[in-house]
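This report is a guided reading of one protein chain. Please keep the sequence and the three-dimensional view at hand while going through the sections below.

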Amino acid sequence: MRPRHMELDLTDLADGVYSTAQMSALGHGDAALRRMVRVGALTRPGRGWYATPAADDDAVEAARRGGCVSCVSALRKHGFWVPPGYHELHVRPSRHNRTKRRDFCSTPGGPLPVTTSLDPVPTALVCAAQCMTAEDWIIVTDSVLNTWGWTVERLRAELPQVNAKIETMLAKCDPRSQSGTETAVRVRLRARGFHVEVQPKVDEVGYVDLKVGRLLIECDSKLHHTSRENYLKDRRRDRKSLAQQLLTIRVTYDDVLYGWEETLADIRAVTDADRHRPRRKRRKSDS
C-alpha cells in the first residue's frame, strides 16, 4: 500500500512544479514535503519550489533559476502562436531572488509576486511587452483577444501593470483579427498611412480579412491552401467581388514575414494608381 504522504492530488497543476504555498493549500505541510523529497517522490529545483518526476523541463529550469516561466515562453505554453525569433526560455524572477541575471525578464513597474510556475496570460503579456517587438506583441495580443472574446478594455483591466508603451500598443490591437498574418498586414499598412478596414462584410462575398478602398486583402494559411473546399469557396468569393468592381489580393504567411517589400510593392501598384478607390456610379447624363 502506498504511504499516505506519497498520495499527491496535483491534477490541477499540470506542469509538475509547485510552490510551497500551493503544496500547503493541498494539505502537504513541511514535514510531509521533506519525507516526499527524501523518498524521491519530489525534488527541490529551487528555493520554495517542488517538482514531481514527470515535471515540465522548462518549469523545472525556471524554478532552478529562481523564478517562473513567463513572457513569450508562457504565452506559447498557454497555446498562443508566437512569431519566430523567441526560442530561449523566458523566466521572471521571484521577489526574494535578488540575483541580477541577464536572462531574467522584467515587468515595467515594480516586481510582481511569483505564485505559480507558469505565469497567467495577462502577466505574461506585461512581461512580453519588454521583450517582443511592438508588432509581435500586438500579434499575440490580438490572438488572445480573439480567442477569449475579450475587448481591449477588458484586457487592459486584467493587466497587472500598464505603462505608456503598453497603452500605445493596446491602441493598435483589434480583437476581430483572425490570424497573425492579418494583424501584421494591418499594422504595417496603417503605419504607412493606409486606411484599413478590419473584417468588413461585403455583399455576396461575406467577411473579408482587410479592405483598403476597393482592394480586398485576404490572408491565407497553409491549411487554407490545401483544403479543396476553401479553394472552391475562395474562387467564388473572388468572382463575386470582381463582379462588384472589387479587387482581391491574397497574401500568405511567407509573403508577409519573408517577402513583405515585394508584397507591399504589389499593393502599392494598385493603390498608387487609385485603382483601389471606389468608383462613382455613372449617371445617364454622363453617357
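## A buried aspartate

Asp-119 is buried, with a relative accessible area of 3%, where buried means under 20% relative accessible area, exposed means over 50%, and partly exposed covers what lies in between (1.4 Å probe, protein chains only). The model is a predicted one, in which local features need pLDDT of at least 70 and side-chain atom pairs count only at pLDDT 80 or more, whereas totals for chains, interfaces and linings use all residues. Residues are numbered from 1 along each chain as its sequence is written, and side-chain values use heavy atoms, with hydrogens and water left out.

Asp-119 lies in the loop between β4 (91-93) and α5 (121-131); helices (H or I, at least four residues) and strands (E, at least two) are DSSP runs numbered from the N terminus. The side chain of Asp-119 makes a polar contact of 2.7 Å with the side chain of Arg-92, a polar contact being a pair of N or O atoms within 3.5 Å, of which, within protein, one must be able to donate a hydrogen and the other to accept it, while residues adjacent in sequence count only if both atoms are side-chain atoms. Leaving aside residues up to four places away in sequence, Asp-119 touches Cys-68, Val-69, Ser-70, Ala-74, His-78, Arg-92 and Ala-124, where contact means heavy atoms within 4.5 Å.

## The chain as a whole

The secondary structure of the chain comes to 13 helices and 10 strands, and buried residues make up 46% of its 287 residues. Among contacts between residues at least 6 apart in sequence, 61% join residues at least 24 apart.

## Salt bridges

Side chains of opposite charge can pair when their charged atoms come close. A salt bridge is here a side-chain nitrogen of Lys or Arg within 4 Å of a carboxyl oxygen of Asp or Glu, and by this rule the count comes to 16 salt bridges. In one of them Glu-61 pairs with Arg-65, the closest N and O atoms being 3.0 Å apart; because the two residues are four apart in helix α3 (residues 57-65), Glu-61 and Arg-65 are separated by about one helical turn. Glu-61 is partly exposed, with a relative accessible area of 22%, whereas Arg-65 is buried, at 14%.

Another salt bridge is formed by Arg-237 and Glu-218, whose closest N and O atoms are 2.5 Å apart. This pair links distant parts of the chain, with Arg-237 in helix α11 (residues 228-243) and Glu-218 in strand β9 (residues 215-220), 19 residues apart, and both Arg-237 and Glu-218 are buried. Arg-268 forms a salt bridge with Asp-272, the closest N and O atoms being 3.9 Å apart; Arg-268 is partly exposed, with a relative accessible area of 27%, while Asp-272, at 55%, counts as exposed. Elsewhere, salt bridges that share partners join Asp-56, Asp-58 and Lys-77 into one network.

## Two helix pairs

Helix α5 and helix α6 (residues 134-148) pack at an angle of about 165°, with their axes 10 Å apart; axes are lines fitted to C-alpha atoms, for helices over the stretch in contact, and angles run from 0 to 180 degrees between N-to-C directions. That makes α5 roughly antiparallel to α6, a description used for angles over 145 degrees. The contact is made by Val-121, Leu-125, Ala-128 and Ala-129 of α5 together with Trp-137, Val-140, Thr-141, Val-144 and Trp-148 of α6.

The axes of helix α9 (residues 180-191) and helix α13 (residues 260-271) come within 12 Å and cross at roughly 65°. Val-185, Arg-188 and Leu-189 of α9 meet Trp-260, Leu-264 and Ile-267 of α13 in this contact.

## Two residues with positive phi

Most residues other than glycine have a negative phi, and most peptide bonds are trans. Gln-199, although not a glycine, has a positive phi of about 50°; Gln-199 is placed in the loop between β5 (197-198) and β6 (201-202) and is buried, with a relative accessible area of 15%. Gln-245 also has a positive phi, near 65°, and is found in the loop between α11 and β10 (247-252), where Gln-245 is partly exposed, with a relative accessible area of 46%.

Terms used:
Parallel < 35°, antiparallel > 145°, perpendicular 65-115°, else oblique.
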